[in-house]
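Open the structure in your viewer and keep the selection tool handy.

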Amino acid sequence: MEITLSKEITAPASRVWQIITDLEGCVQVITGIDSIEILAGEEQFGVGTRWRETRTMLGKQTTEEMEVTAIEPGRFYVVEAGRAGLLYRSTLTVGALGDERSRLSMTFSAEPKGMAARVLAATVGRLFVGFTRKALRQDLDDVTAAAEAG
């Protein structure tokens, strides 16, 4: 399963990049995030940066440990997390559309690892896709609002 959403933002790509790589600031920007605990890479966002991210999903708090596994500063980064036999991968990409406009794209995928995870994905996968798409859209809207506010 893979979901990709993107949005044009009336703000420079550098501003958008600053927002999406400021882990401590994300709690104030992204309404879906309840808390973030930085575990590694506090000094500089890059490969190996790890954190615990807590969100309320379907009425319950859930915490995932996330790690940056690839990055091209100013352009994109990849974050991976794993839980209950699933490998989650998120890619955030920023592209300039001129001096004062940019596009932010978010791609999320979940890959089942093992039979139990495959069965779960086959049975409740559609519900998960709809919920995840809605959450990604809200994250995009939140980052857009923060970037455009300056």
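**Stop 1**

Select W17 and T21. The backbone oxygen of W17 is 2.8 Å from a polar atom in the side chain of T21. Keep in mind as you look that this is a predicted model.

Stay with T21, which sits in the loop between α1 and α2. Is T21 buried or exposed? Its relative accessibility is 16%, and under 20% counts as buried, so T21 is buried. Setting aside neighbours within four places in sequence, T21 is in contact with F45 and Y77.

**Stop 2: aromatic rings**

Now show the side chains of the aromatic residues. How many aromatic pairs does a search of the whole structure find? There are four.

Begin with W17 and Y77. Their ring centres are 5.8 Å apart and their planes meet at 75 degrees; because an angle over 60 degrees counts as edge-to-face, that is what this pair is. W17 belongs to helix α1 (residues 13-20) and Y77 to strand β5 (residues 76-83), so the pair connects distant parts of the chain, 60 residues apart. Both W17 and Y77 are buried.

Next, select F45 with Y77. Here the ring centres lie 4.8 Å apart with the planes at 70 degrees, so this pair is edge-to-face as well. It also links distant parts of the chain: F45 is in the loop between β2 (33-40) and β3 (50-57), Y77 is in strand β5, and 32 residues separate them.

W17, F45, W51 and Y77 form one aromatic cluster.

**Stop 3: around F45**

Centre the view on F45. With 17% relative accessibility, F45 counts as buried. Which residues does F45 touch, leaving aside neighbours within four places in sequence? They are T21, L23, W51, V68, I71 and Y77. For another landmark, select P73: its C-alpha atom is 9.0 Å from that of F45, though the two residues are 28 places apart along the chain.

**Stop 4: the sheet**

Switch to a cartoon view. Seven strands make up an open sheet in the order β1-β7-β6-β5-β4-β3-β2, with antiparallel pairing. Which strands are at the edges? They are β1 (2-9) and β2, each of which pairs on one side only. From one strand to the next, the twist averages 25 degrees.

Look for α1 against the strands. The helix lies across β1, β4, β5, β6 (86-96) and β7 (102-112), and it runs at about 155 degrees to β6.

**Stop 5: both sides of β5**

Follow the chain from β4 into β5: they form a hairpin with three residues between them, and G74 in the turn has a positive phi of about 85 degrees.

Now turn towards β6. Eight bridges join β5 to β6, and these strands run antiparallel. One place to check is R83, which stands opposite L86 in β6.

While you are in β6, select S90, which is part of this strand. S90 is buried, with a relative accessible area of 18%.

**Stop 6**

For the last stop, hide the cartoon and show side chains. In soluble globular proteins, nonpolar side chains tend to be buried together. In this model, the largest nonpolar core has 33 residues, and the ones with the most contacts inside it are V16, I20, W51, Y77, V94, L104 and V143. At least two core residues come from each of β1, α1, α2 (23-29), β4, β5, β6, β7 and α3 (115-149).

Apart from residues up to four places away in sequence, I20 touches C26, Y77, L92, V94, L104 and V143.

Terms used:
Residues are numbered from 1 along each chain as its sequence is written. This is a predicted model: local features need pLDDT of at least 70, side-chain atom pairs count only at pLDDT 80 or more; totals for chains, interfaces and linings use all residues. Side-chain values use heavy atoms; hydrogens and water are left out. Rings of Phe, Tyr and Trp (its six-membered ring) pair if their centres lie within 6.5 Å; planes under 30 degrees apart count as stacked, over 60 as edge-to-face and the rest as tilted. Helices (H or I, at least four residues) and strands (E, at least two) are DSSP runs, numbered from the N terminus. Buried means under 20% relative accessible area, exposed over 50%, partly exposed in between (1.4 Å probe, protein chains only). Two strands pair if DSSP finds at least two bridges between them. Axes are lines fitted to C-alpha atoms, for helices over the stretch in contact, and angles run from 0 to 180 degrees between N-to-C directions. Contact means heavy atoms within 4.5 Å. A nonpolar core is a set of buried Ala, Val, Leu, Ile, Met, Phe, Trp, Tyr and Cys residues joined through side-chain atoms within 4.5 Å. A polar contact is a pair of N or O atoms within 3.5 Å; within protein, one must be able to donate a hydrogen and the other to accept it, and residues adjacent in sequence count only if both atoms are side-chain atoms.
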